[in-house]
Amino acid sequence: MKKLILLFLIPFFFITGNLVQSETIIPDKPINGIYDPNHYLSENTNVELAKANTNSDTQIGIYIVNTLDGKSIEEQANEVARSWKIGHSDTNKGALIAIAINDRKFRIETSNKLSTILTDSKAQNILDNSKSYMRNKDYDSAVINIIQQIKDI
């Protein structure tokens with residue numbers, strides 16, 4: 001009887017183990033530039049991002065998940081940005097807005113070309129200006145605010 005129960009439980013552990021690790025797997029680059037499997041963002045944010053990417057030499061992507069499963073936001077954002085190759089091919093100016101809701105972490109990862117303009121301290125100021133939106137769980141306003149400030153730089 002114990003062996004039978006064990007046979008039923010083993011597949012369960014493999015299935016749940018894969019579910020827990022799923023958010024740290026790097027997804028393919030979304031066509032609209034937004035990876036949001038839990039639907040935190042509205043269509044309004046999608047429209048704002050599309051406008052920002054159309055009218056600028058800087059390309060912005062958004063990666064928003066529940067958790068990073070213990071991984072650092074810096075590491076995950078860097079891996080996603082490199083995988084997605086954010087930045088128009090002629091300018092190579094790209095920024096990734098990475099957010100982990102339950103971990104209460106967010107970051108702007110920049111391409112090498114953009115990092116000379118959007119420095120770490122400027123990126124931190126942009127994030128600091130969006131913290132009140134994040135605290136109020138107004139993720140749309142937070143992301144739109146970040147997009148606008150990146151465009152202004």
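This is a predicted model: local features need pLDDT of at least 70, side-chain atom pairs count only at pLDDT 80 or more; totals for chains, interfaces and linings use all residues.
Colleague: What makes β1 and strand β2 (residues 58–65) a pair?

Modeller: Two strands pair if DSSP finds at least two bridges between them, and β1 and β2 have two bridges, in the parallel sense, so they pair. Residues are numbered from 1 along each chain as its sequence is written, and side-chain values use heavy atoms, with hydrogens and water left out.

Colleague: How do you know that β2 and β3 pair, and in which sense?

Modeller: Eight bridges join them, and they run parallel. G61 stands opposite L96 in β3.

Colleague: And what about β3 and β4?

Modeller: Six bridges, antiparallel; in β4, F106 is the bridge partner of I99.

Colleague: Why is β3 called largely enclosed?

Modeller: Buried means under 20% relative accessible area, exposed over 50%, partly exposed in between (1.4 Å probe, protein chains only). Eight of the eight residues of β3 are buried, so the rest of the structure largely encloses this strand. K93, A95, I97 and I99 point one way, G94, L96, A98 and A100 the other.

Colleague: Why is the β2, α3, β3 unit called right-handed?

Modeller: With the strands pointing away from the viewer, a right-handed crossover runs clockwise from the first strand over the helix to the second; β2, α3 and β3 make such a unit.

Terms used:
Helices (H or I, at least four residues) and strands (E, at least two) are DSSP runs, numbered from the N terminus.
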